[in-house]
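Please look over the sequence and the 3D structure first, and then read the briefing below alongside them.

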Amino acid sequence: MRTKSRKTTFSRAALAVTVLALAAAGCGKSSTESGGGGSSASAGTYSGKGIGLAYDVGGKGDQSFNDAAFAGFQKAEKEFGIGGRDVEPSDNESSADKVQRLEQLARAGYNPVIGVGFVYAPAVKEVAAKYPKVTFGIVDDDTVKAKNVADLLFDAEQSSYLAGVAAAKATKKHHIGFIGGVDVPLIHTFEAGFDQGARSVDPKIKIESQYLTQTAQEGGFSSPDKGKDAASGQIEAGADVIYHAAGLSGQGVIQSAAQHKVWAIGVDSDQYKQSSLADYKDWILGSALKNVGGAVYELTRSVVQGKPLSGEVRGDLKSGGVGFADSNPRYRAMKDVVAAVEKARQDIIDGKVTVEAR
Amino acid sequence: MKKFDKERVLLAVAGPVIALVAAIVLTSIVLIASGKSPIEPYTLMLQQAGYSDVQVLILNQASMYYLAALAVAIGFRMNLFNIGVDGQYRLAAVITAVVGAHLALPSFLQIPVLLLVGMLTGALWSGIAGVLKVTRGVSEVVATIMLNSIATALIGYLTLSSVWGVQVGNNMTTGTMKKSGWFPGIDLGAEVGEIYGLVFLAVAMGVVYWIVLNRTRFGFDLRATGESETAAAASGVDAKKMVLTAMLISGAVAGLSGLPLLLGDAHTYSLSFPTGLGFTGITIALLGRNNPVGIAFAALLIAFLDKASPALDYATPVAYEKEIATIMQGLIVFAVVISYEAVRQWGLRRQQKRVGAELAAAAAALNNSEKKEVAAR
C-alpha cells in the first residue's frame with residue numbers, strides 16, 4: 001500500500017473523475033421527459049393509468065399501516081378496473097428521491113398519486129405544484145395545502161381512546177401498558193388517546209409506556225422480537241392489558257401477551273382476523289382501527305368519478321375512518337366492557353368528550 | 001521506476017475489477033436461479049444512468065458517500081476502524097441544523113461557521129472514542145459502535161419540542177435554517193434538479209486528503225503508525241497522539257458528510273434525514289482501497305446502484321426487484337475483501353518470483369552477491 005511518486009497520475013486521475021462526473025451530470029434527457037404523456041381526469045371520464053402508491057422505508061409487508069394502504073389500493077384496482085403501481089423507496093434516500101419517484105408516477109399517467117406516510121409531505125408539495133391536473137394524496141400529514149392535494153388524516157387518538165376504555169375495563173390488576181413502535185409525534189397521538197381513555201374509566205390506573213426505538217430506521221415498526229421483549233417486560237411489571245401501536249413489531253407484542261395469557265389490543269387493521277396471528281387471536285381484545293385502505297380507496301373513487309377530493313379528509317369515529325374492532329367473541333361476551341366502549345364512542349361522536357391528540 | 005509503477009497499478013486495479021466482475025456474475029446467477037433475465041436489469045440500470053435527473057441524484061448522493069468514505073479511509077490508513085462515522089455525521093448534521101436555524105450571519109460567515117460546527121461536532125464525537133482508546137485502551141470498534149447508539153438517543157433528545165425540535169405536521173424537525181446558510185447549487189432546471197454546491201467540497205476534501213497523506217510529515221507519520229506502531233515509535237512518532245489525531249480528523253470529515261444535503265436541499269434535520277451513510281462509507285472505502293480516486297469511483301458506483309435501481313420496479317413488460325442492487329452491493333463487499341487478499345498474495349508471489357529470477361540472473365552473470373533491485377522492497 002505504498003503511495004509514492006504518483007503525483008501526476010493522481011492529479012490527472014482526480015481531474016478526470018471530477019470533470020467526468022460534473023460533465024456527465026446534466027447531459028442527456030431527464031427520465032421524466034422521456035416518459036409517457038400526462039394524464040387528465042377532467043370531464044368525468046377517467047383516462048389515467050391507475051393508482052400510484054409510494055411507501056415509506058419498511059413499506060409493504062408490515063401487516064399493518066402500509067399493508068392497509070395496499071389493501072385499499074388492491075380493492076380500488078379491482079373495482080374500477082384500473083391499473084396501479086406501488087413502489088418502495090431505497091435506503092439512504094433523501095427528499096429529492098421521493099420527489100423523483102412521485103414525479104415519475106405522475107408523469108407516467110398515474111392518478112391519483114399517494115404518498116403513504118408524512119415523510120412524503122415536502123415531495124408531494126413540490127410535485128403537486130408541477131402537475132396541477134393530477135390528484136395527490138398524502139397520508140398522516142396536514143401541512144400540504146393545495147387544490148389538487150388531499151390530506152388523508154386520521155384521528156387515531158379517538159380510536160386509541162376506545163382502546164384505553166376497553167383496557168381499563170378489562171384489566172383485573174388496574175395496570176395496563178402501551179407499546180409504541182417509534183418515539184415520534186404520530187405515535188404519541190396513540191398514547192395520548194389511550195391514556196385519556198383509560199383514565200376516564202379509572203383515574204388511578206397504572207399505565208406502563210414504552211417506545212421500541214428512537215428512529216424508524218432502527219426497526220421500531222418492523223421488529224417483532226423487540227415487541228415481544230417489551231411486552232414481556234410490561235407483563236412482568238404487572239400489566240395485564242397491552243395496547244400496541246408498533247406496526248409489524250406488534251406481532252411480537254400479541255404473541256407475548258397470548259403466551260402469558262393476558263390481553264393485547266391490536267392496531268390499524270382488525271388483527272383478530274389476520275392469518276399470521278391466528279394462533280394468538282383468542283387474546284386479542286380488539287383493535288384500534290385506522291382505515292388507511294378506505295382512504296386510499298375513497299380518494300381513488302373520487303378521482304375516477306371526476307370529482308377528486310381535496311383538502312383535509314379526516315377519518316374520525318363519526319366518518320368511520322377510525323374505530324374499534326370487536327371481532328373477538330370473548331370480548332363481546334364481556335357486556336360491561338362493550339357497553340363502556342360503546343358509550344365512549346357515542347360521547348365522542350356527540351362531542352361530549354374531546355380527545356386530546358397530545 | 002516506470003516498470004515498478006505499472007506493476008503496482010495493475011495490482012491496484014485488479015482487486016476492484018475482479019470484485020466487480022465476481023459480484024456481477026454472482027448477481028446474474030441469483031437472477032437465473034429466480035427465473036429472470038440475467039442481463040436486462042443491467043441494461044435497464046445503465047439506461048437510467050443516461051438520464052440527466054438520475055445523474056444529478058447520483059452525483060449528489062456520491063458527494064455524501066465520498067465524504068463518509070474519506071472519513072473511514074483516514075481511520076483505515078492509521079489501522080483504526082471508525083465504525084462511528086454514522087453517528088458522527090448524524091449528530092453533526094443535527095447540531096449544524098440547530099446552529100443554522102438560530103444563528104443569522106451574512107452568508108460569507110454563516111456557511112464557514114456551519115461547516116466548522118459540523119466538523120467540530122463530528123470530531124468531538126469521534127474524539128471520545130479516541131480518548132478512550134489512548135487512555136484506557138478501549139477498542140475504537142466497540143466504542144464507536146456504542147457511540148452510534150448514544151448519538152441516536154441524543155438526537156432523539158435534542159429534537160424534542162422542549163429542546164430544539166420544531167414539529168411540522170407529524171414530522172419532527174429542527175426548524176428551517178436561516179437562508180444565509182443555504183449553500184447555492186447548480187440549478188439545471190425543474191426537470192433535472194440541482195447539483196449540491198458542496199459537491200465541490202467533497203472534491204476538494206479528496207485533494208486535501210491526498211496531499212496531507214502523501215506530501216506532509218504528518219501524513220507520513222500517520223501511514224507509518226498504521227503499518228507498524230512499534231516501528232513508528234522507534235523513529236520518534238508519538239503513537240498515542242497519532243491515534244487521537246487520526247480519530248479527530250476522521251470524525252471532522254465524517255461531520256461534513258451530511259452537510260451537502262443539509263445545506264443544499266433539506267435545510268433542516270428531520271425524521272426523514274437519511275441514516276446509514278457511515279456504513280455505506282465503509283463499503284466504499286474498502287472498494288476504493290483508501291485511495292482518493294478509487295473512493296470517488298466507488299462512491300459513484302454505489303450511488304449509481306442506489307439511484308438507478310428504483311427504475312427496475314417500473315420496468316415493462318417485466319418488472320424486476322430493485323433489491324437486485326442491494327444484493328449486488330452486498331456481494332461487492334464480499335468480493336472486494338476476498339479478491340484484495342487474493343490479489344495481494346498473487347502480487348507477493350509475483351514479486352518473489354521476479355526477485356528470485358533477478359537474483360538467479362545476477363548470480364549467473366556476475367556471481368556477485370549484491371544487486372540494488374533486491375532492495376527495492
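## Briefing on the two chains

P112(A) is found in strand 3 (residues 110–115) of chain A, where helices (H or I, at least four residues) and strands (E, at least two) are DSSP runs that are numbered from the N terminus. The peptide bond that leads from N111(A) to P112(A) is cis, with omega near 5°. This is a predicted model, in which local features need pLDDT of at least 70 and side-chain atom pairs count only at pLDDT 80 or more, while totals for chains, interfaces and linings use all residues. Residues are numbered from 1 along each chain as its sequence is written, and chains are lettered from A and ligands numbered from 1 in the order in which they are written.

**Chain A as a whole**

- Chain A holds 11 helices and 12 strands, and buried residues make up 58% of its 358 residues; a residue is buried if 20 or more other C-beta atoms, placed from the backbone, lie within 10 Å of its own, exposed if 12 or fewer do, and partly exposed in between.
- Among the contacts in chain A between residues at least 6 apart in sequence, 69% join residues at least 24 apart, a contact being a pair of residues whose C-beta atoms, placed from the backbone, lie within 7 Å.
- In the loop between strand 7 (206–213) and helix 7 (224–237) of chain A lies A216(A), which counts as buried because it has 22 C-beta neighbours inside 10 Å.
- A216(A) and V184(A) are 32 residues apart in sequence, and their C-alpha atoms are 8.9 Å apart in space.

**Backbone angles to look for**

- Most residues other than glycine have a negative phi, and most peptide bonds are trans.
- D268(A), which is found in strand 9 (residues 263–268) of chain A, has a positive phi near 70° although it is a residue other than glycine, and it counts as buried because 30 C-beta neighbours lie inside 10 Å.
- H267(B), placed in the loop between helix 11 (259–266) and helix 12 (277–287) of chain B, is not a glycine and yet has a positive phi of about 60°; with 22 C-beta neighbours inside 10 Å, H267(B) counts as buried.

**Helix 3 of chain B and its partner**

- Helix 3 (residues 52–77) of chain B has 26 residues and reaches 36 Å from its first C-alpha to its last, which is close to the 38 Å expected at 1.5 Å a residue; the expected span is 1.5 Å times one less than the number of residues.
- Because 26 of the 26 residues of helix 3 of chain B are buried, this helix is largely enclosed by the rest of the structure.
- The axes of helix 3 of chain B and helix 7 (residues 199–215) of chain B come within 8 Å and cross at roughly 20°; axes are lines fitted to C-alpha atoms, for helices over the stretch in contact, and angles run from 0 to 180 degrees between N-to-C directions.
- That crossing makes helix 3 of chain B roughly parallel to helix 7 of chain B, since angles under 35 degrees count as roughly parallel, over 145 as roughly antiparallel, 65 to 115 as roughly perpendicular and the rest as oblique.
- Helix 3 of chain B passes helix 7 of chain B in a left-handed crossing, meaning that the near helix is turned anticlockwise from the far one by less than a right angle, whereas clockwise would be right-handed.
- The residues that make this contact include L59(B), Y66(B) and L70(B) of helix 3 of chain B and A202(B), M205(B) and Y209(B) of helix 7 of chain B.
- By class, the contact of helix 3 with helix 7 of chain B has 9 nonpolar, 3 polar and 1 charged residues, where Ala, Val, Leu, Ile, Met, Phe, Trp, Tyr, Cys and Pro count as nonpolar, Asp, Glu, Lys and Arg as charged, and the others, Gly among them, as polar.

**Where the chains meet**

- The contact between the chains takes 46 residues from chain A and 52 residues from chain B.
- Helix 1 of chain A gives the most to the side of chain A that touches chain B, with 7 residues.
- By class, that side of chain A has 16 nonpolar, 17 polar and 13 charged residues.

Technical notes: Two residues are in contact if their C-beta atoms, placed from the backbone, lie within 7 Å.
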